[in-house]
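Please read the report below alongside the sequence and the coordinates.

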Amino acid sequence: MVIEYCKKHVDAASSDELEKWDAEFDKIDQDTLLKLILAANYLACLTTANNIKDKTPEEIRKIFNIKNDYTSAEKEEVRRENSWAFE
Amino acid sequence: MDLESVGDLAIHEIMENLKPEDIARISCVSNRFKSFTSDDSLWSKICFRELSLTQPIDHLGNPTPSFKEAYQTWREAFVMYPWSLVKRVKRCWDNIKTWLTNNFPEAKETLCEGASEVEIQELEDVLNVKLPLPTRILYRFHNGQEIEKHDHDTSTSDISLGIIGGYSFYDHFVNVYLLPISQVIQETQQISHNLGFLRRSKYVLVAASSTYREKLFFLNCTNGQLYVGTRNLLTNRDLMPCVPQNLISLHHEMDSEKIQDAMLLWLEEHGRRLQRGFIKLLEEGNAKSISLFPEESPVCSTAVTNGVQIRASALLVPEGVDLQGDREKYLFSYSIRMSLQPQGCVINGMSHSSCQLYWRHWIIRANDAVVSDVNGEAVIGMYPLLRPGDKEFVYQSCSPLPTSSGSIEGSFTFVPGRLVDPRGDPFLVQVAHFPLQLPDYIF
């Protein structure tokens, strides 16, 4: 569906035609809309999960631009709690 | 825009696709991420999926405040082993323990709690061996069974609690249990005193009969195979392997779940047999034990003649095997179960409410050649009287064979009514052919 939308917008001749087409597009039913949201969500989450797999915390911070807000003591503790995951 | 602002639905979806190790690592990223990973419903699913836990408990059975902590203690307790192999060993024990809970709780009570790394190390140091990995993990879950040795005839307890089970015929009674480490050490040393080759070749005694019968199972720490002592263990070092050799794999580059020694394979197979009813609990009055006589066709044959049902199956008696022998090399024991169906003993349209055995006839074959054709009165000196609704009359006997493969078939002569008051002519009841076969797994 996303692909269809993009194709149409690229190929369209006039903005009038596009407006009419978009109006039709907006009429898609709730059910399909929800499915669209979930599908996109699922795909994005799967991709993100794959990017996280097997990475160290520091690598994850870099990829997603996350600030490390642990104090030194907190960092040590959480690392100790989860040491089994770092074999 | 950063990952933290994406929203809970997405975060949750991402977590569902991560391994527990990754989730644990994420909690080290930032405080916000730590709170994402603290959702206990996430860990509850992981605990159920990986460990079949429905309650948050640690590896010793103690409750923990959350599933997250439970999972953590499990991983920490077994951090020195490949986790996939730990899960496999747990499934093996769970399978056996579920059956015990449902059928033989008295035996389950005897299972000791897991050994510590220190205790396992002591065994290795004292006996100068390196236990294969799966066996180490097996002991970490349960350190054998707490069983009192007893002389079957004079014992006050009729319950034989070995979880491997056994059999009896004439005066030969065995019931095999798993030794706790303290006994493994003590008894291996004792036996190795007389049989030096056991020590040199890294054999440890892991299972034995609790009766004073010499049925001994040794784990070879070098090749990972389990061996059972035969009749000539002392005189000729004769042992038999208990598990198909080609299944043993002590190292696996790619997948540590596939590391399997004979002890693990043996217990997994035993658990499967119990679960599917291939072998069952035997109850005779107050006596209870796991009987190794097969209950499943075609290893167990069934035939009904005139309402009389005879079920029959055999097993190998390894401690009676004489590998140096000729005509009497392999010893088999067989169990015959007789009963009268509800309609009674029906002959020529007439129904009798009982019948009694008078005579037996056996044809014993080694491979396909008849080696024995015997006739005689009674069975083990008894003349069983069968009535509809009674429990099966069961008895055991034995037969040596020159080959590892053969069969027995035969017939019993019964009279309707009773021997002292026959209500008709004697009639033959068939015992359908059942195999005598060296098994792939020896228990």
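## Conventions

This is a predicted model, in which local features need pLDDT of at least 70 and side-chain atom pairs count only at pLDDT 80 or more, while totals for chains, interfaces and linings use all residues. Residues are numbered from 1 along each chain as its sequence is written, chains are lettered from A and ligands numbered from 1 in the order in which they are written, and side-chain values use heavy atoms, with hydrogens and water left out.

## Chain B overall

Chain B holds 13 helices and 20 strands; these are DSSP runs numbered from the N terminus, helices being H or I with at least four residues and strands E with at least two. Along the principal axes, the C-alpha atoms of chain B fill a box of roughly 95 × 55 × 45 Å. Buried residues make up 56% of the 443 in chain B (buried is under 20% relative accessible area, with a 1.4 Å probe and protein chains only).

Of the contacts in chain B between residues at least 6 apart in sequence, 64% join residues at least 24 apart, a contact being heavy atoms within 4.5 Å. Carbon and sulfur atoms account for 48% of the accessible surface of chain B, which is about 19,800 Å² (Shrake-Rupley method, 1.4 Å probe).

## Strand E14 and its partners

Strand E14 of chain B (residues 355–366) runs antiparallel to strand E18 (residues 405–418) of chain B, with eleven bridges between them; two strands pair if DSSP finds at least two bridges between them. B:Leu357 has B:Phe414 in E18(B) as its bridge partner. Two bridges link E14(B) to strand E16 (residues 385–386) of chain B, again antiparallel, and B:Cys355 is partnered there by B:Leu386.

Strand E15 (residues 369–377) of chain B is antiparallel to E14(B) and joined to E14(B) by eight bridges, with B:Ile363 facing B:Asp373 as bridge partner. E14(B) and E15(B) form a hairpin with two residues between them. In the turn, B:Asn367 has a positive phi of about 55°.

The size of an interface is often given as the accessible area lost when the parts come together. Between chain B and chain A, about 2,700 Å² is buried, 64% of it from carbon and sulfur atoms (the area that two parts lose on being put together, 1.4 Å probe, summed over both). B:Arg25, B:Cys28 and B:Val29 supply 24% of the area that chain B buries against chain A, more than any other three residues. The contact involves 29 residues from chain B and 31 residues from chain A.

Notes
Buried < 20%, exposed > 50% of the residue type's maximum accessible area, 1.4 Å probe, protein only.
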